[in-house]
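Please open the model in a viewer and keep the selection tool at hand.

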Amino acid sequence: MSKSIIAEKAFQFSLKIVKFHLHLCKREQNLYSISKQLLRSGTSICANVEEAIGGHSEKDFSAKMSIAYKEARESKYWLRLLTEGGLIDKRETEYLLIDLEEIIKISGSIIRTIKQKHSRLQTPNSRLT
């Protein structure tokens with residue numbers, strides 16, 4: 001069985017987010033609440049990818065992969081909030097944002113492929129109901 005690229009990238013991102021969260025918690029600024037939100041969404045990406053891979057149906061897979069995609073977008077939001085809000089230097093988050101963009105593109109592509117597959121499988125009569 002081949003390794004899932006999205007699962008590995010999401011797992012490596014989770015490891016980075018845990019370390020980044022610990023780094024932010026050590027700072028003098030009180031960034032704990034934002035950092036905690038980032039920790040939750042950032043680690044949730046991989047958890048949902050793993051659930052998708054272990055899903056019992058294609059519908060289950062699609063639902064969990066969609067959640068992983070949304071969690072990646074949320075993580076991007078928290079990182080942007082930290083940097084554009086002037087709370088941390090942009091250089092501290094660049095590597096995380098690069099990883100997130102890749103995860104967002106891969107998971108988005110997986111979701112689009114599933115949707116295209118379903119639309120091709122539908123017959124013209126079933127689209128009307």
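**The H1 and H2 pair**

Begin by selecting H1 and H2, whose axes come within 9 Å and cross at roughly 165°; axes are lines fitted to C-alpha atoms, for helices over the stretch in contact, and angles run from 0 to 180 degrees between N-to-C directions. H1 is therefore roughly antiparallel to H2, a term for angles over 145 degrees. The model is predicted, with local features needing pLDDT of at least 70 and side-chain atom pairs counting only at pLDDT 80 or more, while totals for chains, interfaces and linings use all residues. Residues are numbered from 1 along each chain as its sequence is written, and side-chain values use heavy atoms, without hydrogens and water.

Next, display the side chains in the contact (heavy atoms within 4.5 Å), including Phe13, Ile17 and Phe20 of H1 and Leu38, Ile45 and Val49 of H2. By class, this contact of H1 with H2 has 17 nonpolar, five polar and two charged residues.

**Leu38**

Centre on Leu38, which touches Ile17, Phe20, Ser75, Trp78, Leu79 and Leu82, leaving aside residues up to four places away in sequence.

**Ile104**

Move to Ile104 in helix H4. Is this residue buried or exposed? Ile104 counts as buried, at 7% relative accessibility (buried means under 20% relative accessible area, with a 1.4 Å probe and protein chains only). Now select Tyr69, Ala72, Arg73 and Lys76, which Ile104 touches when residues up to four places away in sequence are not counted. Finally, draw a distance between the C-alpha atoms of Ile104 and Lys76: they are separated by 9.5 Å, with the residues 28 apart along the chain.

Terms used: Helix = DSSP H or I, 4+ residues; strand = E, 2+ residues; numbered from the N terminus. Parallel < 35°, antiparallel > 145°, perpendicular 65-115°, else oblique. Nonpolar A, V, L, I, M, F, W, Y, C, P; charged D, E, K, R; others polar. Buried < 20%, exposed > 50% of the residue type's maximum accessible area, 1.4 Å probe, protein only.
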